Amino acid sequence: QNVKFTCMCAICSQPTWTVTMKYPNEIQQRGIAYAIKPFAALSFLSGCYVIYHLLIQKPEKLKRMYHRIILAMNMCVVPYAIADFVGTWAMLKGTPYRLGAAGNQTTCDVQGFFKVIVFIAVPYYYSSLSVYSCFAVRNSFKEENYRYIEKWIHLGALFVTLPFATYSLKTEFINPGVTVCFSEEFPKGCALDPDIPCERGGDTSILLQIYGLISMAITFVIPPVALLVLRHSIKRASLDEQMSLGKKKVIESYRKKALKELTAQSALYLFSLWITHILGYMSYGYELATGVFSYDITIVSNCLASFQGVILLFVYFWLEGKKRTVVCDPPKDEAGSHQVNFSNAKLTVADIQERAKHYIKSSTVPSTSSRFSFHIFDGEVDESSPWAKFLNPDDYSEDDDDFEENDDLDYVNESGIQSS
């Protein structure tokens, strides 16, 4: 049996398209009830582990805003996963075509209220990392210069979630959806079909459109725009004309490496955000294009969205692993008179200058292999870190002579003091 819903334009009263929604068959009913649960369970465990890691294992990380945002995001991942795992159990007992429905209106309201909040809150916090990154990199990761944005990030999370969730609850607009209770009229489609009386909720199409546009902007617009602005800032950072040639070359080298790292980390960041949400929007697009609601696509898209806790955990710890320390091999010639031990140290501008001085005084050049770290979200705070400094050339206070003699960039390249 098919049910046709005629969707109206938000401004005019003329029908714009008709959606045919088939009732789910037996296999689809089982998928609605049970397919999402293992993904939700894994996401719940992942979110709990990140919270445990930050609160118990490494509480010192919470001194940094980046990790506090990660903590807030995972505190939203956990109730998201719980709501998905409970699934149809919270729906009113006897809800048609929903296996396992054993709750009442109160359990449905509670599940739907929190799901409406975290449905946007999780991608919102993940999206806010891109905005945070712009401020952090441009301020050389000196948190005191941009700490004020943290309160606005959290206030923004409340602003884009609580009003809609509260309104939905007050207007009896939280009702059984496909896999969970969500913002839906009941029966579904009654607001668009005059032949079907609404038992709960009503015509809130304009509100849903606003909610959908906010969700799309948070997920698909703000992150890439913020990262493109950051890339433009790095690429266009100007150099002081009074700066020595050696220093300019070193800074330009850092710029190229930063752009390479930014591209790789941004790609992973955006992929991990979009992969869990894009199918849901594709499902809606399919519905608009064909006029048919697909339970199969909706079930798969909900499973992917519920799996986001696992993907966010992977990305978080992968980026943490990018924060490498510099390892420099000691000179093979033990007779060298200017051997300097840089083992397991973070190489900074001051270190490069010190090595340059020894190179100028001696022809013995140590054999060095080193790696720099450039984390676009949690970079080094060190005052003389090359990553923290190259955007602000005027901050360099060291003597230019250290970079001028013998064009020490040749030394930098020859001795391997560069990222690999």
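Predicted model: local features only at pLDDT ≥ 70, side-chain atom pairs only at ≥ 80, totals over all residues.

Biologist: How many helices and strands does the protein have?

Modeller: The protein has 14 helices and four strands. Helices are DSSP runs of H or I with at least four residues, strands are runs of E with at least two, and both are numbered from the N terminus.

Biologist: Why are α3 and α4 called roughly antiparallel?

Modeller: Helix α3 (residues 105-138) and helix α4 (residues 149-159) pack at an angle of about 160°, and their axes are 11 Å apart. Axes are lines fitted to C-alpha atoms, for helices over the stretch in contact, and angles run from 0 to 180 degrees between N-to-C directions. Angles under 35 degrees count as roughly parallel, over 145 as roughly antiparallel, 65 to 115 as roughly perpendicular and the rest as oblique. The pair α3 and α4 is therefore roughly antiparallel.

Biologist: Which residues make the contact between α3 and α4?

Modeller: Helix α3 contributes Tyr 124, Tyr 125, Ser 128, Tyr 132 and Phe 135, and helix α4 contributes Ile 149, Trp 152, Ile 153, His 154, Gly 156 and Ala 157. Contact here means heavy atoms within 4.5 Å.

Biologist: At what angle do α1 and α10 cross, and which residues make their contact?

Modeller: Helix α1 (residues 26-57) and helix α10 (residues 308-321) cross at roughly 35°, and their axes come within 6 Å. On the α1 side the contact involves Leu 42, Ser 43, Ser 46, Tyr 49, Val 50, His 53 and Leu 54, and on the α10 side Gln 308, Gly 309, Val 310, Leu 313, Tyr 316 and Phe 317. These residues divide into eight nonpolar, five polar and no charged.

Biologist: What makes the length of α8 close to the expected one?

Modeller: The expected span of a helix is 1.5 Å times one less than its number of residues. Helix α8 (residues 278-290) has 13 residues and reaches 18 Å from its first C-alpha to its last, close to the 18 Å expected. After α8 comes Gly 291, with a positive phi near 75°.

Biologist: Why does Ser 306 count as buried?

Modeller: Buried means under 20% relative accessible area, exposed over 50% and partly exposed in between, with a 1.4 Å probe and protein chains only. Ser 306 has 0% relative accessibility and therefore counts as buried. This serine is found in helix α9 (residues 295-306). Leaving aside neighbours within four places in sequence, Ser 306 is in contact with Ile 36, Phe 39, Ala 40, Ser 43, Tyr 80 and Asp 84.

Biologist: Is Glu 261 buried or exposed, and where does it lie?

Modeller: Glu 261 lies in helix α7 (residues 245-274). Its relative accessible area is 16%, so Glu 261 is buried. The C-alpha atoms of Glu 261 and His 375 are separated by 7.9 Å, although the two are 114 residues apart along the chain.

Biologist: Why is Tyr 97 called partly exposed?

Modeller: Tyr 97 has a relative accessible area of 35%, so Tyr 97 is partly exposed. Tyr 97 is placed in the loop between α2 (65-86) and α3, and its phi is near 60°, a positive value in a residue other than glycine.

Biologist: What can be said of Glu 172?

Modeller: Glu 172 is not a glycine, yet has a positive phi of about 55°. It is found in the loop between α5 (162-170) and β3 (174-176). With a relative accessible area of 40%, Glu 172 is partly exposed.

Key:
Residues numbered from 1 in each chain as written. Heavy atoms only, no water. Nonpolar A, V, L, I, M, F, W, Y, C, P; charged D, E, K, R; others polar.
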